[in-house]
Amino acid sequence: MLDVDKLIDATETRVIVCCGSGGVGKTTTAAALALRAAERGRQTVVLTIDPARRLAQALGLRELGNHPRQVQVEGFEPKGELWAMMLDMRRTFDDMVRAHAGPDRAEQLLANPFYQTISTSFSGTQEYMAMEKLGQLAATGDWDLIVVDTPPSRSALDFLDAPTRLSSALDGRMIRLLTAPAKAGGWGLRKVVTAGFSMFAKAVSTIIGGQLLADASAFMQAFDTMFGGFRERARKTQELLRSQGTSFLVVAAPEPDALREASYFVDRLSSEHMPLSGLVANRTHPVLADLSATAAISAAERLESSAPLATAVLRLHADRVALAEREERLLARFTRAHPEVPIVRVPALPSDVHDVAGLRDIGDRLAAGSA
């Protein structure tokens with residue numbers, strides 16, 4: 001049984017990562033968890049990767065930036081504090097360069113056309129920068145709970161690989177090729193590109209020929225001095241994700257595709273030895289009256305000519321029962337495949353969440369929906 005309040009109240013819980021496919025309410029779930037934790041006394045920050053700005057609107061903020069902003073709106077007086085931010089991938093990369101390269105070298109890197117390309121199109125950059133920002137938030141010690149909303153679909157788990165993938169891509173052989181253009185004769189980068197290194201595809205299409213080689217070589221020579229710190233932060237972030245203070249929640253709608261994705265996430269987290277706390281079955285449709293679908297349809301047929309309104313209500317109830325039974329079958333199939341994963345059911349709201357009150361309602365449903 002997944003006890004949401006026990007999870008967010010536990011002082012040893014320092015990071016909660018919400019992952020799942022797109023369109024299942026992951027951002028809203030992350031915000032609701034963070035808000036509930038703040039109201040129960042935690043110093044909480046929620047980090048979203050979603051550029052749709054739904055989180056800012058729901059929290060009563062005009063916009064969110066790359067640094068946390070405290071949520072202070074009328075009617076919200078938490079025992080703790082709630083802060084929120086939205087990842088700006090390019091700004092996070094720039095800040096990392098400034099922090100670890102020194103003033104002169106940082107300006108050299110930031111002005112380099114090759115850097116300007118890869119900082120937005122490099123394979124894995126968004127996922128790595130999300131983990132870089134998570135590491136920064138954890139290192140400050142300003143918050144005792146960090147809630148992370150991840151990118152949608154299967155890319156939601158790419159951040160597990162991102163530090164290693166990006167670190168490997170910029171590791172020894174790559175640096176030797178690009179920092180020794182005289183020895184390589186310019187052939188090194190061409191060989192790397194043609195060998196199928198996809199992270200250079202967009203760079204190659206936007207910076208052409210010899211200029212690419214010159215800019216890439218200059219970038220890697222400047223970057224080489226800060227590579228050790230880059231790798232060390234990646235290692236620490238991986239340790240943080242696997243620590244006992246981190247909990248993963250998989251969010252899914254009770255639909256076949258979303259639950260298939262959820263199964264993939266669960267298997268992947270298990271294989272990576274990541275601490276999974278449970279599945280949030282979002283937007284479920286529980287039955288609200290103790291009346292079977294068969295009995296409702298039978299009663300509707302008897303009343304059809306004399307009570308049209310009652311007939312319509314009974315048919316709606318029958319449809320609801322059928323939907324609830326279908327959802328239960330899908331969730332039961334998931335449970336048979338993953339009996340060790342606790343589930344919390346969150347009933348669907350009648351309308352979209354657009355304010356703190358709506359997030360609080362979702363939090364209440366999360367706490368009440370353990371199963």
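Helices and strands here are DSSP runs, numbered from the N terminus. The model is predicted.

**View 1. Histidine 273 sits in the loop between α15 and β7.** Helix α15 covers 256-271, and strand β7 covers 276-284. Most residues other than glycine have a negative phi. Histidine 273 is not a glycine, yet its phi is positive, at about 60 degrees. Its relative accessible area is 65%. Exposed means over 50%, so histidine 273 counts as exposed.

**View 2. Arginine 283 has a positive phi within strand β7.** The value is near 60 degrees, in a residue other than glycine. Arginine 283 has a relative accessible area of 38%. That makes arginine 283 partly exposed.

**View 3. The largest nonpolar core holds 72 residues.** Leu279 and Leu366 have the most contacts inside this core. Helix α2, residues 26-39, gives the most to the core, with eight residues. In soluble globular proteins, nonpolar side chains tend to be buried together.

**View 4. Leucine 366 and the residues it touches.**

**View 5. Another core lies apart from the largest one.**

Notes. Residues are numbered from 1 along each chain as its sequence is written. This is a predicted model: local features need pLDDT of at least 70, side-chain atom pairs count only at pLDDT 80 or more; totals for chains, interfaces and linings use all residues. Side-chain values use heavy atoms; hydrogens and water are left out. A nonpolar core is a set of buried Ala, Val, Leu, Ile, Met, Phe, Trp, Tyr and Cys residues joined through side-chain atoms within 4.5 Å. Buried means under 20% relative accessible area, exposed over 50%, partly exposed in between (1.4 Å probe, protein chains only). Helices (H or I, at least four residues) and strands (E, at least two) are DSSP runs, numbered from the N terminus. Contact means heavy atoms within 4.5 Å. Lists of a residue's contacts leave out its neighbours within four places in sequence.
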